Each structure stands twice: as C-alpha cells, then as structure tokens.
Amino acid sequence: MPSADVEDTWSDSDDELEADQETAVDLGVPDGPVDDPAALLDPTVSRIGGHPSFLALPHPSPSNATCANCSKPMELLIQIWCPLEDSPNDRALYVWACANGSCQRKQGSVRAWRELRYNKKYAEKLDRKLARRKAKEFEEAKAAAAAAAQKSQPKSNPFALGATSAPNPFGLGSQIFGGGDAPAEPEPAPAQTESAERGGSLGDEGSEDESDDDAVDDLASGLQSASLEDSPWKAAPSYSPLYLSTVSEYLPPPPKVKVPAGATVDPDDDKSPKGKDSSGGWDLEGYENSLDVDHAFERFSKRVSYEGEQCLRYERKGVPLAFASDKVFDQLFPVPPAPPLPVTKPDFMVTPPRKRTYAPDSLPRCPHCQSARVFECQLMPNLINVLRTPTDGDEQKKLTDAERRAEVMRALKGQGEAGRRGMEWGTCMIFSCEKDCSVEAAEGSTWREEYVLVQWDE
C-alpha cells in the first residue's frame, strides 16, 4: 500500500474529462459470428478469434504464435485493422494468448505482433496531399507578406501635388450614359484560377476517397487467393471467429439526485470535517478509507461499466486504464519522489499529497529503431467471456462424489494446472513502436513483435 501522502487516485489525461461527452478512446465490441469465407480471408476485417489473415505472402512462421512457456501454439485472441493516417503502410495488429493453466501469470503467455505492408497507391496519394499542403502554405505565406507590405507603405497626402484625385461622387451619370470608362471586371480569386487551370473542383477530395476504397478493394481481392488451406496456420487451434465493431467511448452525465419535497440541501456540507457526519458517526468515505480498497480497480470497474460489452480499448499514444494496484501499475504510474524536508522542524512541514502520473519511459525501446514505445490498445476482461467455449464437448458430464472430491483436493494442492484451461488476466496492454518502423519494399511485409504488459486477475 502507498504511504499516507500518496494519492491512489493518480493524475493522467482522463482526470480532466468531464461527463456527458465522448473521449478519444475507441471501444471494440463483438458483433456476431463471421460466416462469410471471404471475410475470413480479408485482413481489413477486424475480428475476435478465428485464424489470422495476413497482409502479404509468404506468411510468417507459426512459431511466432507459440507460448514462451509450454512451446505450444496459442489461439488468436484478436486481429485489428489499424492503418495510420499519415503512413504509406497497410497495418494490422495480432494478439495471441495461451490458455493452459500452468502458463498463467507467466511472461510470454501473451504475445502481440504488428504487420506492415507498403501500399504504393496510398503512398502516391500522400505525396499529392503533401504537395497540396505545401502549395497552400506557400500561398498563405505570400498573401500574408503582401498584406504586411501594404500596411507598411506610407499613406498618400490627398492635398499633395500630383496626388490621385478622389473619385467624383457625381460621376455616376457618365457611367450610365457611357461617357466614362466602364468599371473593370474583378479578377478571379487565386483559388478559382488554380481550380480552373487544373480542371478540378471541390469534389477532388471525393475522388481521393474513392481511390482509397479502390486501394482497399485491391488489397482484399489480391489476398482472396492467399488461402490458409495449404498453410500450417490452418492446423493452429482457434476460437470461433466474431466480428469486431468499433464504437466511441461515451461518458454519461452523473445521475441526478432526487431531493424529497420539503427537504433542504446544505451547500456547505462538503466543508464539514472529513470522516464524521453531524451525528458523530463515520461517513462512507471515512469507512472506505479505513479498509484495504484498491482505488485503481474501482476506477477501472467504473469506467468499464459505461460499456460492459467492450473487449478492446484503442487509443494510440493515449493512457492505459490500469486494472489493479500491482507491479505493472507501479511501473506505469510510479510514485513521485517526496519533497526534501527542511533542516529545522521537519515534522511540522505540511506537504501536499503526491499524485501519480503516467510515465512510459520505463518501457523498453523498440529493438529495431530504438524509438520509444507508446500505448496502443488493451484487451478487456469481457474478451475472455466472449471467447469462452466448451472444451471437448464434455462439459455436461456429471462427476461422481469421489471424482468431485478428488478434483477439489487437486485444486487445493495446486495440482492439475497442466490440464486446466482458461485465461486469468485482467487486462493486456500492448505498446508499439512510436515511429511504426518498417522496411518499405515493393513486395512482402514487415513483421514486428511488440511489448505486452499483463495485469493478472488475482
């Protein structure tokens, strides 16, 4: 437990969030079984369970999905189609986990991999987009310089010799009867001229979106023939595949407290001494603080309760949601150092409570480019419930009293873990390379293993 001057309610980006709004977190929820064979081969379809669908041939080795403890193939938990907006690479994330009882709470039983494939068409689009952005910035800088130069010019004296005469307010008749020069037509705006020269319009962005769809369709159609029938991945164990849909996280407003008729609310009630009410008894907060309460788990449960079906939380470069106050929590949210005490009367010094802040510097760097790793996503406990399936079809088998007593004795002695199946983690956090490093090549793909931190359900 932290010391008395350390607040368990740590400080991160979520603390500034207000209720009744959407956050930057995307939630992944199950959306029915995947029955379409074409969808199973499409890497752009995010899924729960099933077999992996890769971006390019040849496929990576199945040894990448073996448990580091028992050396057995693991089941795919989730596959996410997650390309970055300003990257020319197609991108997918895969997470495998071992369900053997003896491998739980051990490092290497959950592994995550990132696959990248260079997309030439999208790279060309990014180049055109960058060129348009630079041209726009150049025109804006040119217009700003012209405006500044015009403001810096000295104003002309209308009474000076040779000054331009003011317009004649009575010259309207000459314009009507044709006695004067006709007013010059306004010059077209620079944007209109540029659009006319290119022969384009504001609908060009729509054509870019269509090219994106064509690129995705080309990727999907090109991989339809990349079947797993002749691949060793077909023999790997798997769960039943489910679609993974994305919804935005929404924080509802706090419930309104109904005050009975005739009752009054004391606005200064929160100024009363903490821990005791007016009757001299202990209030709820004082009672809870006297117990061994895990505030990290309470915060986790409250946040998840807003969308109980979530199996995934995705927010690249965001802040993970800690499951419990354990070693992983202390690593990601370390206790700040205590302020130095004065030499005289240190016992009388009043120090404010120290708040924990998210510190990703403790994470190991990418072994390929030495860049820092950033939080990308985390798996949620509901994923275990979604993937929980009957084993061998004998879950309905009734045990005798002797068999049941023997099973209980094996559990009490810690035996039988090798044959026990089931995942026991609370959340799995995946941290990926900040630069999303890859080998840009015309063919093939880049295959990188990412860093995983697991908080187990104790």
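Which residues touch the most other members of the largest nonpolar core? The legends below take up this point and others in a predicted model.

**Figure 1. Overview of the predicted chain.** The chain contains ten helices and twelve strands. Of its 458 residues, 33% count as buried. The chain exposes about 29,100 Å², and carbon and sulfur atoms supply 54% of this area. Among contacts between residues at least 6 apart in sequence, 79% join residues at least 24 apart.

**Figure 2. The largest nonpolar core and the surroundings of Trp425.** This core comprises 29 residues, and those touching the most other members are Leu77, Leu379, Met423 and Trp425. In soluble globular proteins, nonpolar side chains tend to be buried together. When neighbours within four places in sequence are set aside, Trp425 is in contact with Leu77, Leu379, Met380, Pro381, Leu383 and Ile384, and also with Val454, Gln455, Trp456 and Asp457. Another core, of 15 residues, lies apart from the largest one; Ala65, Trp96, Cys98 and Trp233 are among its members.

**Figure 3. The barrel and the pairing of strands E10 and E11.** Ten strands close into a barrel with antiparallel pairing, in the order E2-E7-E3-E4-E5-E6-E12-E11-E10-E8. Within this order, strand E10 (residues 373-379) and strand E11 (residues 425-433) run antiparallel and are joined by six bridges. Phe375 stands opposite Phe431 in E11.

**Figure 4. Helix H7 against the strands.** Helix H7, formed by residues 295-305, lies across strands E2 (21-33), E7 (242-251) and E8 (312-314), as well as across E10 and E11. The helix runs at about 105 degrees to E7.

**Figure 5. Cysteines without disulfides.** The structure holds zero disulfides. The sulfur of Cys369 has its closest cysteine sulfur in Cys433, at 3.4 Å. A disulfide requires the two sulfur atoms to be within 2.5 Å, so the separation of Cys369 and Cys433 is too far for a bond. Cys428 is likewise in no disulfide, and the nearest cysteine sulfur, that of Cys377, is 9.9 Å away.

Note on methods. Residues are numbered from 1 along each chain as its sequence is written. This is a predicted model: local features need pLDDT of at least 70, side-chain atom pairs count only at pLDDT 80 or more; totals for chains, interfaces and linings use all residues. Side-chain values use heavy atoms; hydrogens and water are left out. A nonpolar core is a set of buried Ala, Val, Leu, Ile, Met, Phe, Trp, Tyr and Cys residues joined through side-chain atoms within 4.5 Å. Buried means under 20% relative accessible area, exposed over 50%, partly exposed in between (1.4 Å probe, protein chains only). Contact means heavy atoms within 4.5 Å. Helices (H or I, at least four residues) and strands (E, at least two) are DSSP runs, numbered from the N terminus. Accessible areas come from the Shrake-Rupley method with a 1.4 Å probe; for residues, only the protein chains shown count as cover. Two strands pair if DSSP finds at least two bridges between them. Axes are lines fitted to C-alpha atoms, for helices over the stretch in contact, and angles run from 0 to 180 degrees between N-to-C directions.
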